[in-house]
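Trainee: I would like to go through this model step by step. Where do we begin?

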Amino acid sequence: MKCISCGANTFSSTTTDVTDLGNCLIIVRNVPCYKCSECDEIIYTGDVIKQLENITETSKKAMSEIAVVDYNGVA
């Protein structure tokens, strides 16, 4: 896969995704992604984006001020 920002090669990795909903933060660790070898751009596949949206919606219902979720535990 090529980077959408600079066109360099990417490699399979994991990252931490942070979503700020204004009144709370949702932190999802170990999210599968592709990282650019040149500019460090993070690229998610469509399936991962959909799962992150599901995690965010589920977390919003049971929210406190901060939620930390392990992607592997809920995906």
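Trainee: Is Thr15 buried or exposed, and what is its relative accessible area?

Mentor: This is a predicted model, and every value here is computed from it. Thr15 is found in strand E1, residues 10–20. A residue counts as buried under 20% relative accessible area. Thr15 is therefore buried, with a relative accessible area of 15%.

Trainee: Which residues is Thr15 in contact with, leaving aside its neighbours within four places in sequence?

Mentor: Contact here means heavy atoms within 4.5 Å. With the sequence neighbours left aside, the contacts of Thr15 are Val28, Arg29, Asn30, Val31, Cys33, Lys35, Ile42 and Tyr44.

Trainee: In what order do the elements of the chain run?

Mentor: The chain has 2 helices and 4 strands. Read from the N terminus on, the order is β-β-β-α-β-α.

Trainee: What length does helix H1 reach from its first C-alpha to its last?

Mentor: Helix H1 covers residues 46–61, which is 16 residues. At 1.5 Å a residue, 22 Å is expected. The value in the model is close to that, at 23 Å.

Trainee: Why do the buried residues of H1 line one face of the helix?

Mentor: The buried residues of H1 are Val48, Leu52, Ile55, Thr56 and Ser59. Seen down the axis of H1, they line one face because they fall within an arc of 100°. In general, an α-helix has 3.6 residues a turn, so residues three or four places apart point the same way. For H1, the arc asked about is 100°.

Trainee: Is Lys50 buried or exposed?

Mentor: Lys50 lies in helix H1, on the face turned away from the buried side, along with Gly46, Asp47, Thr58 and Lys61. Exposed means over 50% relative accessible area. Lys50 has 55%, so Lys50 is exposed.

Trainee: Which elements give two or more residues to the largest nonpolar core?

Mentor: The largest nonpolar core has 8 residues: Ile26, Val28, Val31, Val48, Leu52, Ile55, Val69 and Tyr71. Among the residues that Tyr71 touches are Val28, Val31, Val48, Leu52 and Ile55. The elements giving two or more residues to this core are strand E2 (25–36) and H1.

Trainee: Where in the chain is confidence lowest?

Mentor: The mean pLDDT of the chain is 89, and 93% of its residues reach 70 or more. Confidence is highest in strand E3, residues 42–43, at 96. The lowest value, a mean of 76, belongs to residues 66–70, strand E4.

Notes: Residues are numbered from 1 along each chain as its sequence is written. This is a predicted model: local features need pLDDT of at least 70, side-chain atom pairs count only at pLDDT 80 or more; totals for chains, interfaces and linings use all residues. Side-chain values use heavy atoms; hydrogens and water are left out. The expected span of a helix is 1.5 Å times one less than its number of residues. Buried means under 20% relative accessible area, exposed over 50%, partly exposed in between (1.4 Å probe, protein chains only). The arc is that of the directions from the helix axis to the C-beta atoms. pLDDT is the predictor's confidence in each residue, from 0 to 100. A nonpolar core is a set of buried Ala, Val, Leu, Ile, Met, Phe, Trp, Tyr and Cys residues joined through side-chain atoms within 4.5 Å.
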